[in-house]
Amino acid sequence: MPLNFRAFFLPDTRADADTFWLGLGFIALADALRLTLLDAGLAMFAWLLVLFCVASIHINRLRDAGRQGPLVIIPLAAGVAVKAVVAIIAVTVAILPGFMEYLEAQGVDINDPAQVQAAGQDDELIAGFQQLMIENEADTLAAFSAGDWPSAIAFWLTVFAIGFWFARMPRKG
């Protein structure tokens, strides 16, 4: 089957295994460019386009293998779930040093795990830290952007791992 670039973007054709892998690679490259070049608003819109293209290439691979289209939900759901978990972990790791500094400034002994745990359950301290994050918008945005690359890498590793299953489906029709 000749290479069909349309299979990367529109769910209306067939994608053999080679086209499937090339399409995933191309879309992953586009996603990396999205993270590198676009600001938050445009990057979110472009993320929806990336998801659409990932769904399209998977649907086209399923069509080539004579399988049902709803199987496309597996790589999308798994990829997005892993992306979300990794993003939460990365953002938490980025925010933690600032939170510990805040606790120390509030008189909490950060070397005492019991005090840190109690402070983490103190509604007033948490509200104060949230207010501090709102006031320091640049630091907050930097902390949240710390999850961009780790979550993107996790998404693509998941999609590529599931891609081995999709690529091995024999061609039908």
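A search of the whole structure finds 10 aromatic pairs. Here, rings of Phe, Tyr and Trp (its six-membered ring) pair if their centres lie within 6.5 Å. Planes under 30 degrees apart count as stacked, over 60 as edge-to-face, and the rest as tilted. The structure is a predicted model, in which local features need pLDDT of at least 70, side-chain atom pairs count only at pLDDT 80 or more, and totals for chains, interfaces and linings use all residues. Residues are numbered from 1 along each chain as its sequence is written, and side-chain values use heavy atoms, with hydrogens and water left out.

A pair of aromatic rings is described by the distance of the centres and the angle of the planes. For tryptophan 21 and phenylalanine 160, the centres are 6.0 Å apart and the planes meet at 10°, so this pair is stacked. Tryptophan 21 belongs to helix H2 (residues 17-37) and phenylalanine 160 to helix H8 (residues 148-167), so the pair ties together parts that are 139 residues apart in sequence. Helices are DSSP runs of H or I with at least four residues, strands are runs of E with at least two, and both are numbered from the N terminus. Tryptophan 21 is partly exposed, at 27% relative accessible area. Phenylalanine 160 is partly exposed as well, at 25%. The classes are buried (under 20% relative accessible area), exposed (over 50%) and partly exposed (in between), with a 1.4 Å probe and protein chains only.

The rings of tryptophan 165 and phenylalanine 166 have centres 5.0 Å apart and planes at 80°, so they form an edge-to-face pair. Tryptophan 165 is partly exposed, with a relative accessible area of 38%. Phenylalanine 166, in contrast, is buried at 0%. One aromatic cluster is formed by Phe20, Trp21, Trp47, Phe155, Trp156, Phe160, Phe164, Trp165 and Phe166.

Phenylalanine 155, a member of this cluster, lies in helix H8. Its relative accessibility is 0%, so phenylalanine 155 counts as buried. Beyond its neighbours within four places in sequence, phenylalanine 155 is in contact with Trp47, Leu51, Val54, Gly79, Val80 and Lys83. Contact means heavy atoms within 4.5 Å. The C-alpha atoms of phenylalanine 155 and phenylalanine 8 are 18 Å apart, across 147 residues of chain. Serine 151 also sits in helix H8. This serine 151 is buried, with a relative accessible area of 3%. Its contacts, leaving aside neighbours within four places in sequence, are Lys83, Val86 and Ala87.

Glutamate 135 is in helix H6 (residues 123-135). At 55% relative accessibility, glutamate 135 counts as exposed. The C-alpha atoms of glutamate 135 and lysine 172 are separated by 59 Å, although the two are 37 residues apart along the chain.

The chain as a whole has eight helices and zero strands. Its C-alpha trace spans about 70 × 30 × 20 Å along the principal axes. The radius of gyration is 21 Å, whereas a compact globule of 173 residues would have one near 16 Å. This radius is taken over C-alpha atoms, and the globule rule is 2.2 Å times the number of residues to the power 0.38. Buried residues make up 36% of the 173 residues. Among contacts with a separation of 6 or more, 69% join residues 24 or more positions apart.
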